[in-house]
Amino acid sequence: MSADNDTKELGHEEFDPIGTLVLIGIYFLILVGMWIFTYFIEFLGNGPTVIG
Amino acid sequence: MNIHTYEKIWLIGALALIVGFIATVTYGAAGAGVAMVDASGGTIDANAVTDDEDFGEPRVEQVGENEYDVYVIAQQFIFRPDTIVVPANSTVTFHVTSIDVIHGFQVVGTNVNTMVVPGQVAEITVEFDEPKEYGILCNEYCGQGHHDMEGKLNVVPEDEYGGESE
Amino acid sequence: MSAELEGEELFLDRFPKEARIVRASLWSAFIALGIGGLGGLIQALHRTNYLRFIESADYYTVLTLHGVLLAISFTIFFLVGLFTWAVTRSLDRPVEDIRFTWAWYLTMVAGTALAGIAILGGFVDSIPISADVLFTFYAPLQAHPMFYAGLAVFIIGTWMAGLDWFRSWWNWRAENPNERIPLQTFMVLMTMLMWYISTIGVAISVLVFLLPWSLGLIEQVNPLLTRTLFWYFGHPVVYFWLMPAYLLWYTVMPSISGGRLFSDPLARVVFVLFLLLSTPVGIHHQYLDPGIAEGFKFIAMTNTMFLLLPSLLTAFTVVASMEHGARQNGGEGYLSWLGALPWRDPAFTGMALAGLMFAAGGFSGMVNAGMNINYLIHNSLWVPGHFHLTVGTAVALTFMAGTYWILPQLTRRRVYSRTIALFQVILWFIGMTLMSNAMHRAGLIGMPRRTAEPQYDGFAFDAGFSTVAELDFQIAIGGTLLFISLVLFLGNVIVSLFEGPMETSVDASLSDPLSGPEDSPKVLDNLWLWTAIAVVLVVLAYSLPIAAIVSDGGLFGPGTGTYPAWLLGVIP
């Protein structure tokens with residue numbers, strides 16, 4: 001859009017979304033950690049719980 | 001179809017998360033023994049609850065050595081009994097129904113939480129180990145006085161329990 | 001192939017009649033947003049006990065207004081405006097009959113007005129009209145028949161809108177027989193197919209049970225049955241809110257980022273997955289309901305967990321498209337490319353922040369989806385904490401950002417103040433962070449949702465390392481910041497219209513995807529195949545549970561009486 005000195009065109013073959021992979025990898029780790037915490041500590045630690 | 005390698009990696013990661021979530025919940029059910037509210041409480045004629053042999057008199061009743069049944073009626077805007085007393089080290093089955101609209105029955109600070117639907121009996125079994133005083137609140141909007149709807153659940157030391165229900 | 005507007009011709013010049021409808025729809029959306037948003041502020045200050053100038057009984061009237069105006073009127077009026085633009089633009093053809101288009105729009109307006117009047121009646125005690133039943137209107141709480149009629153009329157209007165877009169597509173296809181469906185039109189059609197399947201449940205509940213019951217034609221309804229029919233609809237409706245936001249993220253945001261959509265085929269796959277999986281999951285809102293077997297709840301859970309997949313895929317594709325723009329703009333490195341994005345553009349920043357917040361909302365949604373962990377948070381303040389991140393930000397903030405982008409093409413005016421726009425979207429993000437984070441934490445300690453005064457006589461909430469006062473403070477402040485942001489948004493848009501027309505045009509062109517529709521299997525465009533599979537999945541998920549509910553309790557019972565919510569409760 002804006003004419004910038006650094007502007008270039010990246011075609012399909014030339015672009016690997018490594019930055020996206022890094023971000024989504026971080027997100028993955030956050031999700032796993034938050035899930036384990038929320039399930040095993042917040043939930044199972046919030047007893048008594050319905051068992052029947 | 002052309003999927004970039006990185007997105008394939010993420011697809012596998014996403015599916016692993018999904019399977020992991022399902023597996024955790026399954027562990028909770030099969031391993032930790034958490035059971036869902038279901039249809040085992042049966043249905044009831046919501047217009048004739050007071051004639052029912054169990055709900056006619058909402059109360060705590062001992063049914064085994066450390067086993068208790070509690071019959072609870074939820075209505076606009078109270079629980080009956082409004083104070084439930086059970087001893088520690090007991091297994092308590094709550095039977096909860098409504099005579100008017102949908103309510104919620106939640107023992108605050110615990111996972112004891114169920115919907116209360118007129119015409120249905122919510123049956124949930126819980127083990128109480130330690131003595132403690134809990135609040136009960138209605139967490140499903142039930143009308144103008146919904147925010148005033150509360151009760152108590154007192155788990156008393158065994159030697160203090162005298163069979164009283166309110 | 002996406003048809004690009006020629007040179008500098010604005011949408012409103014090429015399609016003036018359609019632009020009028022789009023503007024009208026967006027205005028309806030913004031009026032609903034303003035009133036509903038004011039309700040939100042009142043609620044945030046009331047339940048935290050900072051400012052109570054209404055009766056607590058009226059809180060529930062405000063809450064009904066807030067839920068209906070925001071989750072039905074605002075979101076869906078925006079959708080119909082956006083979709084009219086998207087179909088017209090991507091097929092490069094005017095609507096088939098503009099009178100039909102106005103007819104569905106006015107039907108929707110009439111429906112909203114009817115329901116709105118019923119709700120507002122709840123503020124006036126002397127008028128026996130009210131609808132203090134909240135967005136979910138569970139029987140035996142009962143609203144005035146105008147409420148149910150209004151909702152039904154509104155939904156019918158949306159059905160007509162879908163038919164309008166299908167007609168455009170059928171006629172375009174007759175003239176372009178071998179072409180792939182343009183991506184934006186594909187997304188619109190898939191969304192509407194999902195909508196047709198999902199509204200069946202609530203249409204039956206309202207037209208067969210609740211409306212006749214409120215008119216006194218039938219005596220009782222089965223509360224569990226009508227509640228189940230509501231949630232049959234109640235989950236897919238959230239995708240009706242999300243899919244227009246996804247349309248913006250997939251087809252507009254890459255261009256705003258200076259890049260190209262990473263993959264058109266994957267975007268189609270995502271929308272196919274939404275059509276298949278949005279509806280056979282509704283029972284996850286009923287995990288704690290008596291009268292529904294655990295097996296049915298487990299099936300709903302499995303379907304729900306797989307429904308995470310299209311959103312998780314979207315995260316990748318959308319971020320990759322942004323990254324493409326950043327790298328074309330000189331961005332480098334593993335993370336520093338983020339700096340090469342157009343953060344000064346309020347349309348970009350709004351959508352980016354909306355997407356970021358959605359990632360957090362996705363987590364709390366994953367928790368909500370977990371069958372037994374639901375005991376922890378059901379009907380607690382965690383639930384609104386969750387959906388204010390999703391519909392309240394991912395959708396609403398994207399819609400606001402999208403408005404800034406589309407405004408010149410619809411009105412020939414520039415946005416009045418870019419600075420205010422940028423400030424406003426960031427303020428929304430901050431306000432929501434405060435409010436929603438506190439709502440989640442309050443829910444974990446047992447504080448209920450939908451409660452005017454969550455302060456109880458017999459017990460106190462144990463807030464662990466924090467205090468209830470701190471949580472209430474964050475909710476009040478967050479809600480206030482959100483309202484200020486909302487006022488700035490509406491003000492900015494309104495004042496824009498008083499500016500003189502633009503002298504130079506804007507570049508509204510949308511870039512072509514990196515991987516285009518020619519790379520996607522033709523079967524993805526086979527709408528009827530996906531519809532058929534979607535219907536089968538719904539039948540599998542719902543036929544047995546509903547059969548059990550009806551056989552256990554009866555089609556019209558066991559109910560109680562009716563609970564017009566304007567009567568005081570009876571205490572023995």
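Let me start with two helices of chain C: helix 4, residues 98–120, and helix 5, residues 145–175, pack at an angle of about 160 degrees with their axes 7 Å apart. Axes here are lines fitted to C-alpha atoms, for helices over the stretch in contact, and angles run from 0 to 180 degrees between N-to-C directions. Helices (H or I, at least four residues) and strands (E, at least two) are DSSP runs, numbered from the N terminus.

This is a predicted model, in which local features need pLDDT of at least 70 and side-chain atom pairs count only at pLDDT 80 or more, while totals for chains, interfaces and linings use all residues. Residues are numbered from 1 along each chain as its sequence is written, and chains are lettered from A and ligands numbered from 1 in the order in which they are written.

Back to the pair. Helix 4 of chain C and helix 5 of chain C are therefore roughly antiparallel; angles under 35 degrees count as roughly parallel, over 145 as roughly antiparallel, 65 to 115 as roughly perpendicular and the rest as oblique. The residues of this contact divide into 19 nonpolar, seven polar and one charged. In that count Ala, Val, Leu, Ile, Met, Phe, Trp, Tyr, Cys and Pro are nonpolar, Asp, Glu, Lys and Arg are charged, and the others, Gly among them, are polar.

A second pair in chain C is helix 3, residues 56–91, and helix 6, residues 183–214, whose axes come within 8 Å and cross at roughly 140 degrees. That makes helix 3 of chain C oblique to helix 6 of chain C. The residues of their contact are six nonpolar, three polar and one charged.

Next, chains B and C. Their contact takes 57 residues from chain B and 71 from chain C, where two residues are in contact if their C-beta atoms, placed from the backbone, lie within 7 Å. Which element of chain B gives the most to the side that touches chain C? Helix 1 of chain B does, with 10 residues. By class, that side of chain B has 29 nonpolar, 21 polar and seven charged residues.

Last, chain A, with one helix and zero strands. Its C-alpha trace spans about 65 × 25 × 15 Å along its principal axes. Buried residues (20 or more other C-beta atoms within 10 Å of their own, C-beta atoms being placed from the backbone) make up 27% of the 52 residues in chain A.

Definitions and conventions:
A residue is buried if 20 or more other C-beta atoms lie within 10 Å of its own, exposed if 12 or fewer, and partly exposed in between; C-beta atoms are placed from the backbone.
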